[in-house]
Amino acid sequence: RTEQAYVGWIKRFILFHSKRHPRQMGAPEVEAFLSFLANKGQVSAATQNQALAALLFLYRHVLETDLPWMDDGGRAKRSRRLPVVLSQAEVQALLSAIPDGTHDLMARLLYGTGMRVLECLRLRIKDVDFGRNEICVRSGKGDKDRMTMLPAVAASELAAHLVRVRAQHQRDLAVGAG
(Lines give C-alpha, C1' and ligand atoms only; values in the text may rest on other atoms or scores of the structure.)
Protein backbone atom coordinates (compact mmCIF):
# COMPACT_ATOMS: atom_id res chain seq x y z
CA ARG A 1 0.00 0.00 0.00
CA THR A 2 2.86 2.37 0.75
CA GLU A 3 4.33 1.71 -2.68
CA GLN A 4 0.98 2.42 -4.35
CA ALA A 5 0.60 5.66 -2.38
CA TYR A 6 4.14 6.79 -3.24
CA VAL A 7 3.63 6.10 -6.95
CA GLY A 8 0.42 8.11 -6.83
CA TRP A 9 2.15 11.10 -5.19
CA ILE A 10 5.04 10.98 -7.63
CA LYS A 11 2.60 10.97 -10.57
CA ARG A 12 0.72 13.94 -9.09
CA PHE A 13 4.02 15.78 -8.59
CA ILE A 14 5.05 15.20 -12.22
CA LEU A 15 1.62 16.19 -13.55
CA PHE A 16 1.58 19.28 -11.33
CA HIS A 17 4.77 20.44 -13.04
CA SER A 18 3.45 19.82 -16.59
CA LYS A 19 5.07 16.38 -16.99
CA ARG A 20 8.63 17.58 -16.46
CA HIS A 21 11.08 14.85 -15.50
CA PRO A 22 11.98 14.91 -11.79
CA ARG A 23 15.70 15.14 -12.70
CA GLN A 24 14.95 18.57 -14.18
CA MET A 25 13.37 19.70 -10.92
CA GLY A 26 14.60 20.20 -7.40
CA ALA A 27 13.83 21.83 -4.09
CA PRO A 28 11.81 24.80 -5.44
CA GLU A 29 9.46 22.49 -7.34
CA VAL A 30 9.01 20.18 -4.36
CA GLU A 31 8.26 23.20 -2.14
CA ALA A 32 5.78 24.54 -4.70
CA PHE A 33 3.98 21.20 -4.87
CA LEU A 34 3.79 20.84 -1.09
CA SER A 35 2.59 24.43 -0.74
CA PHE A 36 -0.09 23.77 -3.33
CA LEU A 37 -1.24 20.69 -1.40
CA ALA A 38 -1.42 22.63 1.86
CA ASN A 39 -3.03 25.81 0.54
CA LYS A 40 -5.11 24.95 -2.51
CA GLY A 41 -5.46 21.19 -2.02
CA GLN A 42 -6.38 21.66 1.64
CA VAL A 43 -4.87 18.31 2.61
CA SER A 44 -4.11 17.36 6.19
CA ALA A 45 -0.62 17.51 7.66
CA ALA A 46 -0.39 13.72 7.57
CA THR A 47 -1.25 13.67 3.86
CA GLN A 48 1.27 16.41 3.13
CA ASN A 49 3.93 14.47 5.04
CA GLN A 50 3.12 11.34 3.04
CA ALA A 51 3.58 13.27 -0.20
CA LEU A 52 6.88 14.62 1.10
CA ALA A 53 8.04 11.11 2.07
CA ALA A 54 7.20 9.87 -1.44
CA LEU A 55 9.20 12.67 -3.06
CA LEU A 56 12.14 12.17 -0.71
CA PHE A 57 12.13 8.48 -1.58
CA LEU A 58 12.06 9.33 -5.29
CA TYR A 59 14.99 11.72 -5.07
CA ARG A 60 17.13 9.76 -2.57
CA HIS A 61 16.63 6.16 -3.65
CA VAL A 62 15.51 6.28 -7.28
CA LEU A 63 17.28 9.34 -8.68
CA GLU A 64 20.08 9.18 -6.06
CA THR A 65 19.88 12.93 -5.53
CA ASP A 66 19.80 14.40 -2.04
CA LEU A 67 17.51 17.25 -1.06
CA PRO A 68 19.43 18.49 2.02
CA TRP A 69 17.04 21.37 2.71
CA MET A 70 14.41 18.81 3.71
CA ASP A 71 16.48 17.46 6.58
CA ASP A 72 16.05 20.78 8.37
CA GLY A 73 12.38 20.21 9.09
CA GLY A 74 10.20 20.49 6.00
CA ARG A 75 7.45 18.40 7.54
CA ALA A 76 4.00 19.78 8.19
CA LYS A 77 2.95 20.07 11.84
CA ARG A 78 0.06 17.86 12.88
CA SER A 79 -2.68 19.44 14.90
CA ARG A 80 -2.90 18.37 18.52
CA ARG A 81 -6.40 17.02 18.96
CA LEU A 82 -7.69 14.34 21.23
CA PRO A 83 -9.31 11.47 19.35
CA VAL A 84 -13.08 11.17 19.53
CA VAL A 85 -14.00 8.02 21.41
CA LEU A 86 -17.50 6.62 21.53
CA SER A 87 -19.08 5.91 24.90
CA GLN A 88 -20.12 2.34 25.74
CA ALA A 89 -23.76 3.25 25.13
CA GLU A 90 -22.91 4.70 21.71
CA VAL A 91 -20.94 1.57 20.77
CA GLN A 92 -23.82 -0.65 21.89
CA ALA A 93 -26.27 1.41 19.83
CA LEU A 94 -24.01 1.20 16.80
CA LEU A 95 -23.45 -2.56 17.08
CA SER A 96 -27.14 -3.27 17.73
CA ALA A 97 -28.05 -1.38 14.53
CA ILE A 98 -26.09 -3.87 12.40
CA PRO A 99 -28.25 -6.86 11.39
CA ASP A 100 -27.08 -10.23 12.69
CA GLY A 101 -24.76 -12.07 10.35
CA THR A 102 -21.29 -11.73 8.89
CA HIS A 103 -21.19 -7.93 9.03
CA ASP A 104 -22.23 -7.93 12.68
CA LEU A 105 -19.55 -10.49 13.50
CA MET A 106 -16.92 -8.46 11.67
CA ALA A 107 -17.95 -5.26 13.47
CA ARG A 108 -17.71 -7.00 16.84
CA LEU A 109 -14.30 -8.41 15.95
CA LEU A 110 -13.06 -4.99 14.81
CA TYR A 111 -14.29 -3.35 18.01
CA GLY A 112 -13.13 -6.10 20.37
CA THR A 113 -9.72 -6.82 18.88
CA GLY A 114 -8.57 -3.48 17.51
CA MET A 115 -7.97 -5.04 14.09
CA ARG A 116 -8.08 -2.89 11.00
CA VAL A 117 -10.72 -3.66 8.35
CA LEU A 118 -8.26 -5.28 5.92
CA GLU A 119 -6.80 -7.39 8.75
CA CYS A 120 -10.28 -8.65 9.58
CA LEU A 121 -11.01 -9.43 5.93
CA ARG A 122 -7.79 -11.44 5.66
CA LEU A 123 -8.42 -13.43 8.85
CA ARG A 124 -8.06 -17.20 8.39
CA ILE A 125 -9.25 -20.09 10.53
CA LYS A 126 -5.68 -21.09 11.37
CA ASP A 127 -5.08 -17.59 12.80
CA VAL A 128 -7.79 -18.05 15.47
CA ASP A 129 -6.90 -19.96 18.66
CA PHE A 130 -10.12 -20.64 20.57
CA GLY A 131 -8.24 -22.46 23.34
CA ARG A 132 -6.12 -19.44 24.21
CA ASN A 133 -8.68 -16.82 23.08
CA GLU A 134 -6.14 -15.27 20.71
CA ILE A 135 -6.05 -14.10 17.13
CA CYS A 136 -2.82 -13.87 15.18
CA VAL A 137 -2.97 -10.88 12.86
CA ARG A 138 -0.60 -11.61 9.99
CA SER A 139 1.05 -8.99 7.78
CA GLY A 140 -0.59 -6.09 9.57
CA LYS A 141 0.54 -2.50 9.35
CA GLY A 142 4.23 -2.38 8.59
CA ASP A 143 4.00 -6.01 7.37
CA LYS A 144 4.32 -7.21 10.97
CA ASP A 145 2.53 -10.05 12.72
CA ARG A 146 0.95 -9.49 16.12
CA MET A 147 -1.28 -11.27 18.61
CA THR A 148 -4.53 -9.85 19.92
CA MET A 149 -7.25 -11.19 22.16
CA LEU A 150 -10.35 -12.95 20.89
CA PRO A 151 -13.26 -11.29 22.71
CA ALA A 152 -15.49 -13.77 24.55
CA VAL A 153 -18.61 -12.19 23.02
CA ALA A 154 -17.29 -12.68 19.50
CA ALA A 155 -15.79 -16.14 20.15
CA SER A 156 -19.14 -17.96 20.30
CA GLU A 157 -20.44 -16.06 17.25
CA LEU A 158 -17.25 -16.86 15.34
CA ALA A 159 -17.47 -20.56 16.24
CA ALA A 160 -21.10 -20.66 15.03
CA HIS A 161 -20.08 -18.85 11.84
CA LEU A 162 -17.37 -21.46 11.18
CA VAL A 163 -19.93 -24.27 11.58
CA ARG A 164 -22.19 -22.59 8.98
CA VAL A 165 -19.29 -22.01 6.59
CA ARG A 166 -18.11 -25.64 6.90
CA ALA A 167 -21.64 -26.86 6.13
CA GLN A 168 -21.79 -24.57 3.09
CA HIS A 169 -18.40 -25.88 1.95
CA GLN A 170 -19.62 -29.49 2.26
CA ARG A 171 -22.73 -28.65 0.17
CA ASP A 172 -20.51 -27.01 -2.44
CA LEU A 173 -18.25 -30.07 -2.60
CA ALA A 174 -21.28 -32.36 -2.95
CA VAL A 175 -22.35 -30.58 -6.14
CA GLY A 176 -18.83 -30.46 -7.58
CA ALA A 177 -17.97 -26.90 -6.62
CA GLY A 178 -15.59 -25.57 -3.97
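S18 is placed in the loop between α1 and α2, where helices (H or I, at least four residues) and strands (E, at least two) are DSSP runs numbered from the N terminus. The model is predicted, and local features need pLDDT of at least 70, side-chain atom pairs count only at pLDDT 80 or more, and totals for chains, interfaces and linings use all residues. Residues are numbered from 1 along each chain as its sequence is written, and side-chain values use heavy atoms, with hydrogens and water left out. S18 is not a glycine, yet its phi is positive, at about 55°. The relative accessibility of S18 is 63%, so S18 counts as exposed (buried means under 20% relative accessible area, exposed over 50%, partly exposed in between, with a 1.4 Å probe and protein chains only).

A positive phi, near 55°, is also found for N133, a residue other than glycine. N133 belongs to the loop between β1 (128-129) and β2 (134-137) and is partly exposed, with a relative accessible area of 39%.

The largest nonpolar core has 19 residues, of which F13, V30, F33 and Y59 touch the most other members. A nonpolar core is here a set of buried Ala, Val, Leu, Ile, Met, Phe, Trp, Tyr and Cys residues joined through side-chain atoms within 4.5 Å. Two or more residues of this core are given by each of α1 (2-16), α2 (27-39) and α3 (45-62), and α3 supplies the largest share, eight residues. When residues up to four places away in sequence are not counted, F13 touches M25, E29, V30, F33, L55 and Y59 (contact means heavy atoms within 4.5 Å). Another core, of eleven residues, lies apart from it and has L105, L109, V128 and L150 among its members. In soluble globular proteins, nonpolar side chains tend to be buried together.

Helix α5 (residues 102-113) packs with helix α7 (residues 152-174) at an angle of about 145°, the axes being 10 Å apart. Axes are lines fitted to C-alpha atoms, for helices over the stretch in contact, and angles run from 0 to 180 degrees between N-to-C directions. The contact involves T102, D104, L105, R108 and L109 of α5, and A154, E157, L158 and H161 of α7. By class, the contact residues of α5 and α7 comprise four nonpolar, two polar and three charged (Ala, Val, Leu, Ile, Met, Phe, Trp, Tyr, Cys and Pro count as nonpolar, Asp, Glu, Lys and Arg as charged, and the others, Gly among them, as polar). D100 is located in the loop between α4 (88-96) and α5 and counts as exposed, at 74% relative accessibility. The C-alpha atoms of D100 and E157 are separated by 9.9 Å, while the two residues are 57 residues apart along the chain.

Neighbours within four places in sequence aside, T148 is in contact with T113, N133, E134, I135 and V137. E119, in helix α6 (residues 117-121), counts as buried at 7% relative accessibility. With neighbours within four places in sequence left aside, E119 is in contact with V137, G140, K141 and R146.
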